[in-house]
Amino acid sequence: MTEKELRIKIINCYKTLEVRGLGQGTSGNVSVRNGDVMLITPSAVPLQVIKEEMISVVPINGPADFKGPMRPSTEWRFHRALYQRGDVGAVVHFHSPYATALAMTRQPIPASHYSVAAFGGASVEVADYACYGTAALAQNVVKAMEKRVACLIANHGALVVAETIEAALARAEMLEALAKYQAISLQIGGPVLLSDAEIQETMQANASYKFGVD
């Protein structure tokens, strides 16, 4: 896939976040791996005016010298840190209503629904609070994302990673749905949690499940 095609995918994903109720204004940011660099949305550019040439290029390793006419998203540090895991092809950070509400109350999503297993374990954790755009926040995110493909960010929002930008967007929608289920369940007595064994069983089933087939 060419860099131009990746830039178009980033813009389409960024715009889709608002269309699907996962973001608004300049909130959130999207990036994709392109070899040894990442392409990432620029800082403080409304989706209505964002263009391909505004996408910033940041090395995944070494000096963080960006290329492009505009500065990268203020959250480039945690995007970059997540690519250094080696298994990440795209990162989507968003401020959707339910995931953000849980993040504001610093409540992780426990094993209240079997779909939590799709995020890598028996819970979706909350990264500790630090000021946006800082190295401290990047460290907190990496810790919360250990063996996970999603996390909430305390008093901030949510984050997902995937191999492709399409998969990351789908995962973002799934996380928001799960956060909504969790928030509603807390209002009617609280969920009954699944056991670790039941979550492991679901994770094993997920490994062989062909999405879109069944």
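Mentor: Start with a pair of helices. Lys9, Ile10, Cys13, Thr16 and Leu17 in H1 meet Ile165, Glu166 and Leu169 in H5. Meeting here is contact, that is, heavy atoms within 4.5 Å. The helices (H or I, at least four residues) and strands (E, at least two) are DSSP runs, numbered from the N terminus. The residues of this contact divide into five nonpolar, one polar and two charged. Ala, Val, Leu, Ile, Met, Phe, Trp, Tyr, Cys and Pro count as nonpolar, Asp, Glu, Lys and Arg as charged, and the others, Gly among them, as polar.

Trainee: Before we go on, what kind of model is this?

Mentor: It is a predicted model, in which local features need pLDDT of at least 70 and side-chain atom pairs count only at pLDDT 80 or more, while totals for chains, interfaces and linings use all residues. Residues are numbered from 1 along each chain as its sequence is written, and side-chain values use heavy atoms, with hydrogens and water left out.

Trainee: Back to the helices. At what angle do H1 and H5 pack?

Mentor: About 10°, with the axes of H1 (residues 3–19) and H5 (residues 165–187) 10 Å apart. The axes are lines fitted to C-alpha atoms, for helices over the stretch in contact, and angles run from 0 to 180 degrees between N-to-C directions. H1 and H5 are therefore roughly parallel to each other. The cut-offs are under 35 degrees for roughly parallel, over 145 for roughly antiparallel, 65 to 115 for roughly perpendicular, and oblique for the rest.

Trainee: Further along H5, is Leu178 buried or exposed?

Mentor: Leu178 is in helix H5 and counts as buried, at 1% relative accessibility. Buried means under 20% relative accessible area, exposed over 50%, and partly exposed in between (1.4 Å probe, protein chains only). Neighbours within four places in sequence aside, Leu178 is in contact with Ile109, His113, Ser115, Val116 and Phe119.

Trainee: And how far is Leu178 from Ile11?

Mentor: Their C-alpha atoms are separated by 25 Å, and the two residues are 167 residues apart along the chain.

Trainee: What does Leu102 touch?

Mentor: Not counting residues up to four places away in sequence, Leu102 touches Gln107, Ile109, Leu152, Ala179, Gln182 and Leu186. Leu102 sits in helix H3 (residues 97–104) and is buried, with a relative accessible area of 4%. Its C-alpha atom is 7.4 Å from that of Ala183, which is 81 residues away along the chain.

Trainee: New topic. How many disulfides are there?

Mentor: The count comes to zero, taking a disulfide as a pair of cysteine sulfur atoms within 2.5 Å.

Trainee: How many residues of H2 are buried?

Mentor: Six of the eight in helix H2 (residues 76–83), so it is mostly covered. The buried ones are Trp76, Phe78, His79, Arg80, Leu82 and Tyr83.

Trainee: Which side chain does His79 join through a polar contact?

Mentor: That of Asn29, at 2.7 Å. A polar contact is a pair of N or O atoms within 3.5 Å; within protein, one must be able to donate a hydrogen and the other to accept it, and residues adjacent in sequence count only if both atoms are side-chain atoms. Asn29 is in strand E1 (residues 29–34) and is buried at 4% relative accessibility.

Trainee: Last one. What about the backbone at Ala44?

Mentor: Ala44 has a phi near 60°, a positive value in a residue other than glycine. Ala44 lies in the loop between strand E2 (37–40) and strand E3 (56–59) and is exposed at 62% relative accessibility. Lys147 also has a phi near 60°; it is in the loop between helix H4 (135–144) and strand E6 (150–153) and is exposed at 70%.
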